Amino acid sequence: ILNDEIQNTTVMRRRLTMLNDMLEGVTQEVDYPFPNASNVDVKMAIGTARTMRSTMIRALFSDPDRSFVASIPEEARRSDGNIVEDAFNWKAAHENNLIEALKDSVIPIFRDGLAFVQGIWEKQVQRVMDYRYYETAEAFLVDYPDPQAAGISDDAFESALVTLSEPDASLTVCFDRDMVKKDSANFSVVTLPRFHWWPLSAENLDDCELYGVKMEESLAKMKQKRKTGEYREEAVDACLSKNNSGDGGIDQWNRSRDFIEGITRQSSQQKSGDFENYRLVLNIDLDDDDIPEKYMGVFNLAAGRFLNFDRYKIRNNINYLVPLRFDRRDNRMIGKSLLYDGMDIFQQINDIHRHRNNARMITDAPGFKAEKELKDEIEADLNNWRPGVVIWLPQGKMNSVQQFAVENRSNTQNSLDEENSLRGYVEFIIGPTQGLSGQETKGDAGAPATKHLSKIRQAGFRMDDYIDEMKRSFSDIGKLAMAL
């Protein structure tokens with residue numbers, strides 16, 4: 001099933017990579033209308049995305065400690081609800097990363113049309129160095145009653161007691177211990193390129209027979225989880241053997257992201273050290289009672305093995321992923337990508353700006369025409385032309401070398417008016433931007449102030465539609481956080 005899903009969503013994932021390249025401002029190779037033509041990107045898409053993120057954060061999370069409201073059916077228990085509400089918001093803002101995950105989801109939703117908030121229980125244990133300070137032998141003996149407890153020889157133990165028996169003495173003990181760094185719920189963003197589901201016609205996660213998240217885990221992480229028992233030993237060994245055979249590779253999404261960040265994966269350690277695992281949820285009937293059960297496991301596709309597999313542990317089968325959208329499609333899981341809606345116009349603005357630069361290069365850079373018989377004498381001087389250069393011509397040939405007279409015959413005032421018009425189309429499709437919403441126009445400079453204020457309010461109303469759609473998922477996020 002997973003192989004079929006990956007194959008059937010290839011076009012979608014290729015499009016997501018293209019949209020990410022546009023949003024990141026990846027330089028395009030341009031050789032038209034002449035080599036080394038302008039390939040400047042005005043980054044209109046990036047500015048629109050950042051403006052939308054800023055608007056969303058100000059509207060939804062201006063006070064992170066008041067982002068969620070507890071719904072209490074009995075007004076008499078409102079005081080209890082306030083206690084729960086305060087505790088929930090404090091954890092969301094300061095402990096489980098929920099608010100930060102919601103903030104981070106805005107740009108992926110704008111780009112892909114759909115993103116997920118993932119909630120899992122995470123436990124991290126680390127071996128750390130620690131220190132204790134003793135001033136008396138009695139306090140030392142409480143923690144270390146004998147040399148075996150202290151982990152030192154009898155002579156060293158006696159020396160420590162003698163030292164602490166002296167006046168104004170002190171002793172600092174250095175030791176290592178296992179520290180639980182994290183043992184709580186943790187929320188993060190899952191982008192659409194990392195999400196897999198089946199059947200593809202499912203309208204929501206409850207309709208899916210299989211859904212999950214693609215993860216990348218290092219060789220050290222795989223061995224660590226094998227040692228702790230989180231992954232089955234024989235399954236990890238099979239993955240290690242499969243990965244060392246050289247069958248693994250880097251998918252298109254990772255290649256694109258690596259290129260944007262200037263990362264290459266050329267070393268043998270890097271090639272053999274990354275494992276593509278999938279945290280999957282399956283709705284299947286394994287006990288043949290005609291009632292499907294819910295299971296969760298980590299699956300390695302290359303080896304075809306489950307690293308772990310067990311019943312789904314979150315109470316009431318609450319999904320550990322919650323979808324977020326700005327614009328919903330009817331009877332479909334994936335929402336509309338605002339970046340894809342404006343892609344043609346963003347590209348057209350770039351094309352117009354590049355054309356203006358190309359026209360400038362043609363009209364402003366000198367070009368010469370000369371008689372062919374002078375080629376050998378003056379070609380080197382013309383190729384090395386610079387301001388103030390003197391080109392020596394034979395006697396009587398002063399009119400045989402002339403500069404081309406090139407005129408800009410654009411009928412659109414160097415395309416400035418057309419570019420501004422396209423910005424208006426972007427506003428119409430996606431929503432007014434911060435720089436243009438409420439701004440007066442030259443044709444209506446004497447308009448009353450109330451008209452401009454009305455435009456600003458309309459800009460806010462356009463964002464309200466996206467905010468309302470995103471907030472539809474907040475109740476599911478709250479249920480997941482409470483279940484964890």
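Visitor: Where is Pro 199 found?
Guide: Pro 199 is in the loop between β3 and β4. This is a predicted model, by the way.

Visitor: And what kind of peptide bond joins Trp 198 and Pro 199?
Guide: A cis one, with omega at about 0°.

Visitor: How far apart are Glu 209 and Leu 282, in sequence and in space?
Guide: They are 73 residues apart along the sequence, while their C-alpha atoms are 5.7 Å apart in space.

Visitor: Let's switch to pockets. What is the volume of the largest pocket?
Guide: The largest pocket comes to about 1,100 Å³.

Visitor: How many residues line the largest pocket, and which lie nearest its centre?
Guide: The lining has 28 residues, and those nearest the centre are Trp 121, Glu 122, Lys 225, Glu 230 and Arg 279.

Visitor: Which element gives the most to the lining?
Guide: That would be β1, with seven residues. The elements that each supply at least two residues are β1 (115-134), β4 (210-218), α10 (219-228), β6 (293-300) and β7 (305-311).

Visitor: Now the aromatics. How many aromatic pairs are there in the whole structure?
Guide: A search of the whole structure turns up 13 aromatic pairs. One of them is Tyr 134 with Tyr 144, an edge-to-face pair with 6.3 Å from centre to centre and 70° between the planes.

Visitor: Where do Tyr 134 and Tyr 144 sit in the chain?
Guide: Tyr 134 is in strand β1, and Tyr 144 is in the loop between α7 (137-143) and α8 (147-150), so the pair links parts of the chain ten residues apart.

Visitor: Are Tyr 134 and Tyr 144 buried or exposed?
Guide: Tyr 134 is buried because its relative accessibility is 4%. Tyr 144 is buried as well, at 10%.

Visitor: Why is the pair of Tyr 295 and Phe 309 called stacked?
Guide: Because their planes are at 10°, and planes under 30 degrees apart count as stacked. The ring centres of Tyr 295 and Phe 309 are 5.3 Å apart. Tyr 295 lies in strand β6 and Phe 309 in strand β7, so this pair ties together parts 14 residues apart in sequence.

Visitor: How about accessibility there: is Tyr 295 buried or exposed, and what about Phe 309?
Guide: Tyr 295 is buried, with 10% relative accessibility, whereas Phe 309 is partly exposed, with a relative accessible area of 30%.

Visitor: Which residue lies over the face of Tyr 295?
Guide: Arg 311 does, at 5.5 Å from the ring centre. There is also Lys 294, whose charged end sits over the ring of Tyr 312, 4.7 Å from the centre of that ring.

Visitor: Which residues make up the aromatic cluster with Tyr 134?
Guide: Tyr 134, Phe 140, Tyr 144 and Phe 157 form one cluster.

Visitor: Changing topic: how many residues are in helix α15, and how far does it reach?
Guide: Helix α15 runs over residues 343-364, which is 22 residues, and it reaches 31 Å from its first C-alpha to its last, close to the expected 32 Å.

Visitor: Which residues of α15 are buried?
Guide: Among them are Met 343, Ile 345, Phe 346, Ile 349 and Ile 352, and also Asn 350, Arg 354 and Arg 356.

Visitor: Last one: what is the phi of Asn 97?
Guide: Phi is about 70° for Asn 97, a positive value although Asn 97 is not a glycine. Asn 97 lies in the loop between α4 (78-94) and α5 (98-104), and is partly exposed at 34% relative accessibility. Asn 331 also has a positive phi, near 60°, and is in the loop between β8 (321-324) and α14 (338-341).

Definitions and conventions
Residues are numbered from 1 along each chain as its sequence is written. This is a predicted model: local features need pLDDT of at least 70, side-chain atom pairs count only at pLDDT 80 or more; totals for chains, interfaces and linings use all residues. Side-chain values use heavy atoms; hydrogens and water are left out. On a 1 Å grid over the protein atoms alone, a cavity is a set of points where a 1.4 Å probe fits but cannot get out, and a pocket is an open set with protein on both sides within 12 Å along at least five of seven lines; lining residues have an atom within 4 Å of a point. Grid points are joined across faces, edges and corners, and a volume is the space filled by probe spheres set on the points. Helices (H or I, at least four residues) and strands (E, at least two) are DSSP runs, numbered from the N terminus. The expected span of a helix is 1.5 Å times one less than its number of residues. Buried means under 20% relative accessible area, exposed over 50%, partly exposed in between (1.4 Å probe, protein chains only). Rings of Phe, Tyr and Trp (its six-membered ring) pair if their centres lie within 6.5 Å; planes under 30 degrees apart count as stacked, over 60 as edge-to-face and the rest as tilted. A charge sits over a ring if NZ of Lys or CZ of Arg is within 6 Å of the ring centre and within 35 degrees of the ring normal.
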